[in-house]
Amino acid sequence: MLKKVLIANRGEIAVRIIRACAEMGIRSVAIYTEADRYGLHVKRADEAYSLGSDPIAGYLDPRRIVSLARQLGCDGIHPGYGFLSENDEFARLCEEKGIKFIGPKSDVILKMGDKTQARNSMRAAGVPVTPGSEGNLADLDEAIALAEEIGYPVMLKATSGGGGRGIRRCDSEAELRTQYPRVISEATKAFGSAEVFLEKCIVNPKHIEVQILADSQGNVVHLYERDCSIQRRNQKLIEIAPSPQLTPEQRNYIGELAVKAAQAVGYENAGTVEFLLTGNQVYFMEMNTRVQVEHTITEQITGVDVVQEQLRVASGLPLSYRQEDIQFRGYALQFRINAEDPKNDFLPSFGRVTHYYAPGGPGVRVDTAIYTGYDIPPYYDSMCLKLIVWALKWEDAIDRGQRALDDMHLQGIKTTANYYQQILRHPDFQAAEFNTSFVPDHPELMNYSEKKHPTEVALAIATALAAHAGW
Ligand code: ADP
Ligand code: ADP
Ligand code: MG
């Protein structure tokens with residue numbers, strides 16, 4: 001088993017990994033930049049080291065991180081999600097320096113992180129892929145010719161994209177002409193690569209993804225699927241496991257496709273295969289070669305600790321489960337609580353958390369790195385807390401979500417919590433009938449009044465009484 005692991009990340013996912021290490025008797029090392037000096041990962045890890053004053057550069061510096069890991073006698077590095085997690089050069093550097101990168105081999109990251117290469121590998125393996133490019137687009141003329149061939153609408157995508165950025169739908173040649181330079185510029189800025197490709201736009205699809213685990217002995221299992229169709233601008237807001245919209249036949253078919261995809265590229269460690277589903281048609285979209293934000297809901301329905309399995313297989317041990325050992329039970333929902341103002345076009349709302357009261361009770365889990373008095377720095381993701389609920393029945397999971405969102409109290413910043421309650425109240429959501437157009441199709445859900453939490457009300461009353469009494 002690995003003995004000492006450096007966590008090349010911050011925020012809630014760093015804390016999540018530290019917790020897994022603690023439960024497995026692995027020593028954890030946090031890294032941080034000055035903006036994160038008061039971060040929870042710094043407090044919770046066994047050791048913590050500063051990477052300097054720039055808020056981001058330290059987290060993105062492979063050489064510095066690997067050399068620190070060596071100096072400290074770490075035998076593994078966990079990259080989390082975002083940052084260097086899908087950087088094949090970072091993984092390669094770890095391999096060269098004899099430190100276990102907790103993820104797949106660098107050549108697999110390279111192959112699957114490049115969306116056009118991934119599509120080609122999947123085609124070769126007999127996994128159905130959205131119709132479109134077989135390589136990157138050379139120029140606008142090639143894009144127009146290909147769009148003609150597959151038919152509009154099409155999706156123009158950044159080859160090394162992620163996090164929902166660098167994707168534009170084009171309904172006509174005119175739109176393709178306008179969007180082409182925009183996507184190239186966005187891709188260059190966000191991902192440092194100008195490569196783009198094009199695929200058929202699947203209209204109103206469901207986003208269904210499968211969690212897989214693979215060990216170094218060649219065993220691959222899937223942990224069933226997640227439904228991430230509740231999205232805004234191609235970014236996930238609420239995730240659900242299992243999908244309440246699949247038949248058992250579809251579920252088994254998609255699970256087996258994901259295993260086939262992983263086997264085809266010699267995958268090792270945890271990964272997610274993302275598909276689009278329309279009617280009975282399933283298309284491979286991309287593979288994320290890392291732990292995902294929403295691994296939590298899979299853990300809640302299967303009881304498998306995904307991060308512990310990552311650490312196990314990185315240590316060279318076999319998976320703890322065979323496919324037939326993996327059962328799922330009930331429904332889990334995850335709400336990505338973002339420090340954003342839904343009423344102001346989801347403008348980020350960073351700043352001090354003046355008061356935080358965590359939701360709790362049966363079937364509730366919170367993964368976060370915030371606490372009362374914490375200043376959310378403006379340099380990183382706006383996601384500040386993941387609220388996860390579980391219940392045996394779909395209806396009960398929704399009620400529990402409402403209740404837990406009510407329970408939670410986050411003062412000082414604006415969040416998406418009340419907006420999510422609106423989604424839970426919608427009859428189509430409750431009937432488990434939704435696709436990726438749900439959010440754009442229901443702008444009216446933004447019309448709600450901010451509720452006051454009981455402690456805020458009590459405080460207001462006390463202040464008013466005090467003023468009245470002349471205290
Ligand atoms: P998930 O795929 O786990 O559901 P997201 O797509 O929301 O999660 O991404 C999680 C985090 O990782 C976000 O901060 C996102 O910006 C970042 N991220 C994802 N892919 C990339 C990428 N290719 N390059 C840079 N950052 C990325
Ligand atoms: P990222 O790497 O940013 O996660 P994805 O390729 O996974 O990008 O796409 C993100 C989201 O964009 C999907 O979940 C889906 O809602 C939408 N999308 C992507 N490709 C298509 C497509 N071909 N047709 C329809 N929607 C798509
Ligand atoms: Mg994706």
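Biologist: Is glutamine 292 buried or exposed?

Modeller: This is a predicted model, where local features need pLDDT of at least 70, side-chain atom pairs count only at pLDDT 80 or more, and totals for chains, interfaces and linings use all residues. Side-chain values use heavy atoms, without hydrogens and water. The relative accessible area of glutamine 292 is 2%. Buried means under 20%, exposed over 50%, partly exposed in between (1.4 Å probe, protein chains only), so glutamine 292 is buried.

Biologist: Which residues does glutamine 292 touch?

Modeller: Glutamine 292 sits in the loop between strand E13 (281-288) and helix H10 (295-302). These elements are DSSP runs, at least four residues for helices and at least two for strands, numbered from the N terminus. Contact means heavy atoms within 4.5 Å. Not counting residues up to four places away in sequence, glutamine 292 touches Tyr81, Glu209, Arg226, Lys236, Thr272 and Glu274.

Biologist: How far is an oxygen atom of ligand 1 from a backbone N or O atom of valine 293?

Modeller: A polar side-chain atom of lysine 236 lies 2.9 Å from a ligand 1 oxygen. For an N or O atom in the glutamine 292 side chain, the distance to a ligand 1 oxygen is 2.9 Å. For the valine 293 backbone atom it is 2.8 Å.

Biologist: Why does ligand 1 lie between two domains, and which are they?

Modeller: Domain bounds come from an automatic or database assignment. Both domains give residues to the shell around ligand 1, so the ligand lies between domain 2 (131-200) and domain 3 (206-454).

Terms used:
Residues numbered from 1 in each chain as written. Chains lettered and ligands numbered in written order. Polar contact = N/O pair within 3.5 Å; in protein donor to acceptor, adjacent residues only side chain to side chain.
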